[in-house]
Amino acid sequence: MSSIEYMFLGMGFSWTLSKALPYVLVILLSFVLMYIFRKKFKKRALAKWTLRLSLLIIPFAAYFLYSPIYEGDFSNNSSSVEKIPAYAELTGQKLIVISMPQCKFCYGSIDKALKLKERIPNAEIEYLVCAQNEDDAYLEWYQEKGGDAISVRFADSAGALTVLAEGRFPTFILVDGDKPLKKWSNDGFGVVAMDNVELLLK
């Protein structure tokens, strides 16, 4: 997310609105500019329409380059998974991020997690790192960015959680007591999913 989107989040807007509003405002700005320059090239139709199209397209394209919309940004593609003994460590009511050592996408997801924690201070967020070699440096890499807001530890059942994640990291798991787990892959954990998680963790 861009700094503008984070600004809207800080103002109390939802994740979905914070992502969509800048684009709406850019479109409105384009129409305002078209109105301001409506008298330019009045007698030259080609130049007039070229200017209008430029004023309509360029601001939107510029913001899109600054903050692209990816396929999963507005998705909420969760799946329900029954709890089994192999997932015994997934307890309580929290958001768990199944991660692996030195995963840049897992590391990048901490920004979202920190913003979620800022918006819901009581929310519990835990990164479970699936690793065969439990080198403390793997945890420290995440802990340095997550600080005290995010819990980071090695998964007790790394094999089972890797299977749960289908080998795709990060995978986001919403745990709510004994209810079935809600699971999102990274490309399905968009702003709509974040709004859904917030509602369930409040």
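User: In this predicted model, which helices each supply at least two residues of the nonpolar patch?
Analyst: The patch lies on the surface and includes Ile 27, Phe 31 and Leu 53. Its residues together have about 750 Å² of accessible area. The helices that each supply at least two of its residues are α2 (15–36) and α3 (45–66).

User: Which helix gives the largest share of the nonpolar patch?
Analyst: Leu 56 is one of the patch residues, and Leu 56 is found in helix α3. The largest share is five residues, and the helix that gives it is α3.

User: Is Leu 56 buried, partly exposed or exposed?
Analyst: Buried means under 20% relative accessible area, and exposed means over 50%. Leu 56 has 32% relative accessibility, so Leu 56 counts as partly exposed.

User: What end-to-end span should α2 have, at 1.5 Å a residue?
Analyst: α2 has 22 residues. The expected span is 1.5 Å times one less than the number of residues.

User: Where does α2 bend?
Analyst: The bend is about 30°. A proline, Pro 22, follows within four residues. Pro 22 is also one of the buried residues of α2. The bend is at Leu 21.

User: How far apart are the closest N and O atoms of Arg 153 and Glu 89?
Analyst: Arg 153 is in strand β4 (residues 151–154), and Glu 89 is in the loop between β1 (79–81) and β2 (93–99). The two residues are 64 residues apart in the chain. They form a salt bridge, and the closest N and O atoms are 3.0 Å apart.

User: Why does the Glu 166 and Lys 183 pair tie together parts that are apart in sequence, and by how many residues?
Analyst: The side chains of Glu 166 and Lys 183 meet in a salt bridge at 2.8 Å, N to O. Glu 166 lies in the loop between α7 (158–164) and β5 (171–176), and Lys 183 lies in strand β6 (residues 181–185), so the parts tied together are apart in sequence by 17 residues.

Key: Residues numbered from 1 in each chain as written. Predicted model: local features only at pLDDT ≥ 70, side-chain atom pairs only at ≥ 80, totals over all residues. Heavy atoms only, no water. Patch = residues over 30% accessible without salt bridge, like charges linked within 9 Å, V, L, I, M, F, W, Y side chains within 5 Å. Areas by Shrake-Rupley, 256 points an atom, 1.4 Å probe, with all protein chains shown as cover. Salt bridge = Lys/Arg side-chain N within 4 Å of Asp/Glu carboxyl O. Buried < 20%, exposed > 50% of the residue type's maximum accessible area, 1.4 Å probe, protein only. Bend = angle between axes of the 7 residues up to and from the residue.
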